[in-house]
Amino acid sequence: MNDFPELDTPLYEDDLAWLQDNAPKYIKAISECLQKGNTPEQIYQHYMNKAAHRHPFLVRVKHAAIALQRGLK
């Protein structure tokens, strides 16, 4: 698999901004989970087990978690 950080970073930042504007309570929960040592993939899998029908939203959650983990804005 190729790594394209120049393509991924804006996507992660946009999804983080979208959650901050539209669902800020998730940012708080994601941040707390990351601080406890959970990975973005673990957070995504947790939500997939709870609400797989919300897949597009959960992809945003994962991207936001990656952005927060990397210190992106």
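This is a predicted model: local features need pLDDT of at least 70, side-chain atom pairs count only at pLDDT 80 or more; totals for chains, interfaces and linings use all residues.
The charged end of Arg 60 sits over the ring of Trp 18, with 4.1 Å between that charged end and the ring centre. A charge sits over a ring here if NZ of Lys or CZ of Arg is within 6 Å of the ring centre and within 35 degrees of the ring normal. Residues are numbered from 1 along each chain as its sequence is written, and side-chain values use heavy atoms, with hydrogens and water left out.

Let us step back to the overall fold. The protein has four helices and zero strands, and reading along the sequence gives the pattern α-α-α-α. Helices (H or I, at least four residues) and strands (E, at least two) are DSSP runs, numbered from the N terminus. With 73 residues, a compact globule would have a radius of gyration near 11 Å, and the 12 Å of this protein agrees with that. The radius is taken over C-alpha atoms, and the globule rule is 2.2 Å times the number of residues to the power 0.38. Along the principal axes, the C-alpha atoms fill a box of roughly 30 × 25 × 25 Å.

How does the chain meet itself? Of the contacts with a separation of 6 or more, 64% come from residues 24 or more positions apart, where contact means heavy atoms within 4.5 Å. The protein exposes about 5,000 Å², and carbon and sulfur atoms supply 51% of it; these accessible areas come from the Shrake-Rupley method with a 1.4 Å probe, and for residues only the protein chains shown count as cover. Of the 73 residues, 30% count as buried. Buried means under 20% relative accessible area, exposed means over 50%, and partly exposed is in between (1.4 Å probe, protein chains only).

Now to the rings. A pair of aromatic rings is described by the distance of the centres and the angle of the planes. The structure holds three aromatic pairs. In the pair of Tyr 26 and Phe 57, the ring centres are 4.9 Å apart and the planes stand at 75°, so this pair is edge-to-face. Rings of Phe, Tyr and Trp (its six-membered ring) pair if their centres lie within 6.5 Å; planes under 30 degrees apart count as stacked, over 60 as edge-to-face and the rest as tilted. Because Tyr 26 lies in helix H2 (residues 24-35) and Phe 57 in helix H4 (residues 55-70), the pair ties together parts that are 31 residues apart in sequence. Both Tyr 26 and Phe 57 are buried. Ring pairs link Trp 18, Tyr 26, Tyr 47 and Phe 57 into a cluster.

Phe 57 also brings us to the largest nonpolar core, which has 18 residues; Leu 19, Ile 30, Ile 43, Phe 57 and Val 61 touch the most other members. Such a core is a set of buried Ala, Val, Leu, Ile, Met, Phe, Trp, Tyr and Cys residues joined through side-chain atoms within 4.5 Å. Helix H1 (5-22), H2, helix H3 (40-51) and H4 are the elements that give two or more residues to this core, and H4 gives the most, with seven residues. Setting aside residues up to four places away in sequence, Leu 19 touches Pro 24, Ile 27, Ile 30, Phe 57, Arg 60, Val 61 and Ala 64.

Staying with H4, we find Ala 65 in this helix, buried at 0% relative accessibility. Beyond residues up to four places away in sequence, Ala 65 touches Ile 30, Leu 34, Pro 40 and Ile 43. Apart from neighbours within four places in sequence, Pro 40 is in contact with Leu 34, Lys 62, Ala 65, Ile 66 and Gln 69.

His 63 lies in helix H4 and counts as buried at 14% relative accessibility. With neighbours within four places in sequence left aside, His 63 is in contact with Leu 11, Tyr 12 and Asp 15. His 46, in helix H3, is partly exposed, with a relative accessible area of 42%.
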